[in-house]
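Let's take a friendly walk through a protein model. Have a look at the structure below, and then we will go through some of its parts together.

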Amino acid sequence: MTKSDRRIILSALALIGVAVAVIFLAGGRDKAENSTAIQQAIADSTENAAVSEITIGSEAPLASASHELFVFDPNTADSAALLRLGLSKWQIRNIYKYRAAGGVYRSKEDFARLYGLTVRKYRELEPYITIGADFQPASTLFPDRKAEYTNGGAERHDSTFTPRYPVKLAEGETIDLATADTALLQRVPGIGSYYARRIVEYRQRLGGYASLSQLDEIDGFPHESLPYFTLSAGSSATEKLNVNSLSINELKRHPYINFYQARAIVDYRRQNGPIADINELRLLPDFDDATLSRLRPYVSY
């Protein structure tokens, strides 16, 4: 190569080196800018997460807590208490917004309108909702006055006061499971209108309770309410099923007898004659000792 050619090649290499250096420096600046943007985005997301954990007003942060049930007033309960009850953070914020706007929960039904609250969750919380006296309608301060009526020519006035909410039983007090109606059942701690209806309905289907343990057969029944019930010997009489005369459809209406067991009873008495003792059914594969023990208070011959 001539001296002139070498100069041209060296000049070209120098230009290429300068171009590479410029590109490298520009790329590094872009990477630095991208890194700064990423760090800023991370900081912003952290800040937003921190803000979302701050409760409204001066309450403590919405920290996670174990789920437990206790008596509470939705008008005064703080965020920590509401979290312990199993409510979600956004539901708690809706409660705070409602209260901040001047809203007042005057009854349990008002709390049931909380957005996103399911029927199952409301039924779980209902027995523990208590509306403080300061938040109840002012009309509850005065007794209800019944209409005046005439009796034997003399006017009579009756102004008895009926509490709007049932007064719960104190520890050690009990009610008779065999005769209690829904109003009396709602006085039991942990029992609201839903479980009061379920208890009465199941009593009618059984033909009367023979044991307090039968309450546990009601789906979701609060076991801690059992000590408030009693079942005296005189009140535990049950309606009897005549296993020698009832049809399959009549037998299977009882909660302790399904279709196959009812058919087995009818087939057995057709083949062997009238049943004299429930232990005879022990020979049938559909009846084990536990089933016969539950049925014994409800059968006659």
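## What covers helix H3

The cover over the buried residues of helix H3 includes helix H2 (79-84) and helix H4 (108-112). Keep in mind that you are looking at a predicted model.

Which residues of H3 are buried? They are Gln91, Ile92, Ile95, Tyr96 and Arg99. Looking down the axis of H3, you would find these buried residues within an arc of 145°, so they line one face of the helix. Here is a handy rule: an α-helix has 3.6 residues a turn, so residues three or four places apart point the same way.

On the face of H3 turned away from the buried side, you can find the exposed residues Lys97 and Ala100.

## The length of H3 and what follows

Helix H3 (residues 89-100) has twelve residues, which should span 16 Å at 1.5 Å a residue; the C-alpha atoms at its ends are 16 Å apart, so the two values agree. Just after H3 comes Gly102, with a positive phi of about 95°.

## A nonpolar patch on the surface

Now turn to the surface, where Ile9, Leu10, Leu13, Ile16 and Val20 form a nonpolar patch. Together they have about 490 Å² of accessible area. Ile9 belongs to helix H1 (residues 3-52), and it counts as partly exposed because its relative accessibility is 40%.

## The whole protein

Stepping back, the protein has ten helices and six strands. Of its 301 residues, 30% are buried. The protein exposes about 18,900 Å², and carbon and sulfur atoms supply 55% of that area.

Key:
Residues are numbered from 1 along each chain as its sequence is written. This is a predicted model: local features need pLDDT of at least 70, side-chain atom pairs count only at pLDDT 80 or more; totals for chains, interfaces and linings use all residues. Side-chain values use heavy atoms; hydrogens and water are left out. Patches are made of residues with over 30% relative accessible area and no salt bridge: like charges are joined within 9 Å, nonpolar side chains (Val, Leu, Ile, Met, Phe, Trp, Tyr) within 5 Å. Accessible areas come from the Shrake-Rupley method with a 1.4 Å probe; for residues, only the protein chains shown count as cover. A salt bridge is a side-chain nitrogen of Lys or Arg within 4 Å of a carboxyl oxygen of Asp or Glu. Helices (H or I, at least four residues) and strands (E, at least two) are DSSP runs, numbered from the N terminus. Buried means under 20% relative accessible area, exposed over 50%, partly exposed in between (1.4 Å probe, protein chains only). The expected span of a helix is 1.5 Å times one less than its number of residues. The arc is that of the directions from the helix axis to the C-beta atoms. Contact means heavy atoms within 4.5 Å.
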